[in-house]
Amino acid sequence: MLFYFSGTGNSLSVAQQIAQHQQEKLISIADAVNKDTSYEAAAGEPIGFVFPVYAWGPPKIVLSFIEKMQINSYQKNYVFCVITCGDSVGDAMRATATALSKKGLTTDAAFSVTMPNNYILLGDVDSKAKEAKKLAAAKETLQQINASIAQKAQCF
């Protein structure tokens, strides 16, 4: 089961690639946050979260969703986060792990994928050349992340 939130499409693209590789169902946090947030986790089913970093932390909607959600039948399932960022994840990994721990879930792995910078409030977006370089590197990073998830690697 793979929960995702995407503001500009970077995290959606990452989530789609992970879901396809891991053969997991995608669940939109934006669509689910105000609905029934109770989910059944099959034995051994990984539980993942993909989202962008907002102001060096997880978006409020992600934290709100985690606070509301209930994972039934959780039995130490592999839990991971993949955070997209323009340059730095800041405190997003720790804050997400803390929120998940309050729900009784242990974060086994956290990964980051550097994507083109689209936060224009603190500066300009990346040049086309830098954007292309980041997207090429992201593709390679995603291959490594997918391999780690498949092996249920502990990397936090």
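Predicted model: local features only at pLDDT ≥ 70, side-chain atom pairs only at ≥ 80, totals over all residues.
Which residue in strand 6 is the bridge partner of valine 50? I looked it up, and the partner is valine 82.

The average pLDDT of the protein is 91, and 96% of the residues score at least 70.

**Entry: the neighbours of strand 6**

Strand 4 (residues 47–52) pairs with strand 6 in the parallel sense, and I noted six bridges between them. Strand 7 (residues 109–114) also runs parallel to strand 6, again joined to it by six bridges. Here I picked out isoleucine 83, whose bridge partner in strand 7 is serine 112. I then followed the chain from strand 6 through helix 4 (residues 92–102) to strand 7, and this β-α-β crossover is right-handed.

**Entry: the two faces of strand 6**

Is strand 6 mostly covered or mostly open? It is mostly covered, with seven of its seven residues buried. I remembered that side chains in a regular strand alternate between the two faces of the sheet. On one side of strand 6 I listed Val79, Cys81, Ile83 and Cys85, and on the other Phe80, Val82 and Thr84; all are buried.

**Entry: the cores**

Next I looked at the largest nonpolar core, which has 28 residues. Phe3, Ile47, Phe49, Phe65 and Ile71 touch the most other members. Helix 2 (29–32), strand 4, helix 3 (60–68), strand 6 and helix 4 each supply at least two residues of this core. Strand 6 gives the largest share, four residues. Apart from this core lies another, of 18 residues, and I spotted Phe80 among them, along with Leu2, Tyr4 and Ile18.

I also checked isoleucine 71 by itself. Beyond its neighbours within four places in sequence, isoleucine 71 is in contact with Met1, Phe3, Tyr39, Ala41, Ile47 and Leu105.

**Entry: asparagine 77**

Where does asparagine 77 lie? I found it in the loop between strand 5 (70–72) and strand 6 (79–85). Asparagine 77 has a relative accessible area of 3%, so it counts as buried, the cut-off being under 20%. Not counting residues up to four places away in sequence, asparagine 77 touches Ala41, Ala42, Gly44, Glu45, Ile47 and Asp108. For Glu45 I noted a distance too: its backbone oxygen lies 2.8 Å from a polar atom of the asparagine 77 side chain.

Key:
Residues numbered from 1 in each chain as written. Heavy atoms only, no water. Buried < 20%, exposed > 50% of the residue type's maximum accessible area, 1.4 Å probe, protein only. Polar contact = N/O pair within 3.5 Å; in protein donor to acceptor, adjacent residues only side chain to side chain. Contact = heavy atoms within 4.5 Å. Pairing = 2+ DSSP bridges. Right-handed = clockwise from strand over helix to strand, strands pointing away. pLDDT = per-residue confidence, 0-100. Core = buried A, V, L, I, M, F, W, Y, C linked by side-chain atoms within 4.5 Å.
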